[in-house]
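Keep the model open as you read.

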Amino acid sequence: MVPGAVFAQSTDPGASAFIQKLGDQTIATFADKSLSREQAVERFRALLHTGFDVPYIGRWVLGRYWNQASPAEQAEYQKLFERLIVDTYANRFVDYSGQTFKIAGTRPEAGDDTTVTTQIIRPDGPPINADWRVRKAGSGYKIIDVAVEGVSMGLTQRQEFASVIQGGGGQVAALIQALRQKVGRS
């Protein structure tokens, strides 16, 4: 073994093609002004389930509290988490128009993961840089995290949720109540 040698891993070209297609579909959904907001959100929800490993992300975000939650709490949390993601990202994307989406690079990660770096080119502002961590899942791919301008959305959410649980006496029920209020289902 050569000290300091770097062993290159190959990137998966399928991961970048997957992200390009999903990004194009998402932008097309929100750019289609013939759709009502509700129709666009429903299409986005379908794209979310196609492209994101929502159950994995939800469990990872809950972290060590996942095992403390009852099965009923886990089930309700996953439903509320999915709704939170759809609402959050739909509200961010609904105002987008005229943007383009391009792949800026890829890099291999541990296991079957690949990070795909993208830019959303906006006509009225600087580009938005986003890194999509993609995991090969069977014959397809699923996104397991997104980092916007270097900030992991999963890690940010995990820290926020842990803070809510700790503020609620270490009970997952406190987070579930906060999520109910946030997504309008109290």
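Ala, Val, Leu, Ile, Met, Phe, Trp, Tyr, Cys and Pro count here as nonpolar, Asp, Glu, Lys and Arg as charged, and the others, Gly among them, as polar. By these classes, the lining of the second largest pocket has 10 nonpolar, four polar and four charged residues. The model is predicted.

**Second largest pocket**
- The volume of the second largest pocket is about 330 Å³.
- It is lined by 18 residues, and Ile-85, Thr-88, Tyr-89, Met-153 and Gln-157 are the closest to its centre.
- Helix 3 (54-62), helix 4, strand 4 and helix 5 each supply at least two lining residues.
- Helix 4 gives the most, with six residues.

**Largest pocket**
- The largest pocket has a volume of about 380 Å³.
- Its lining counts 22 residues, with Tyr-89, Phe-93, Ile-120, Trp-132 and Val-146 nearest the centre.
- At least two residues each come from helix 1 (13-31), helix 2 (37-51), helix 4, strand 3 (128-137) and strand 4 (140-148).
- Helix 1 provides the largest share, five residues.
- The lining divides into 19 nonpolar, two polar and one charged residues.

**Helix 4 against helix 5**
- Helix 4 (residues 71-93) packs on helix 5 (residues 153-167) at an angle of about 125°, with the axes 14 Å apart.
- The two helices are therefore oblique to each other.
- Their crossing is right-handed.
- From helix 4, Tyr-77, Phe-81, Leu-84, Tyr-89 and Arg-92 meet Met-153, Gln-157 and Phe-161 of helix 5.
- Six of these contact residues are nonpolar, one is polar and one is charged.

Key:
Residues numbered from 1 in each chain as written. Predicted model: local features only at pLDDT ≥ 70, side-chain atom pairs only at ≥ 80, totals over all residues. Heavy atoms only, no water. Axes fitted to C-alpha atoms, helices over the stretch in contact; angles between N-to-C directions. Helix = DSSP H or I, 4+ residues; strand = E, 2+ residues; numbered from the N terminus. Parallel < 35°, antiparallel > 145°, perpendicular 65-115°, else oblique. Left-handed = near helix turned anticlockwise from the far one by under 90°. Contact = heavy atoms within 4.5 Å. 1 Å grid on protein atoms, 1.4 Å probe; cavity = no way out; pocket = protein on both sides within 12 Å on 5 of 7 lines; lining within 4 Å. Points joined across faces, edges and corners; volume = space filled by probe spheres on them.
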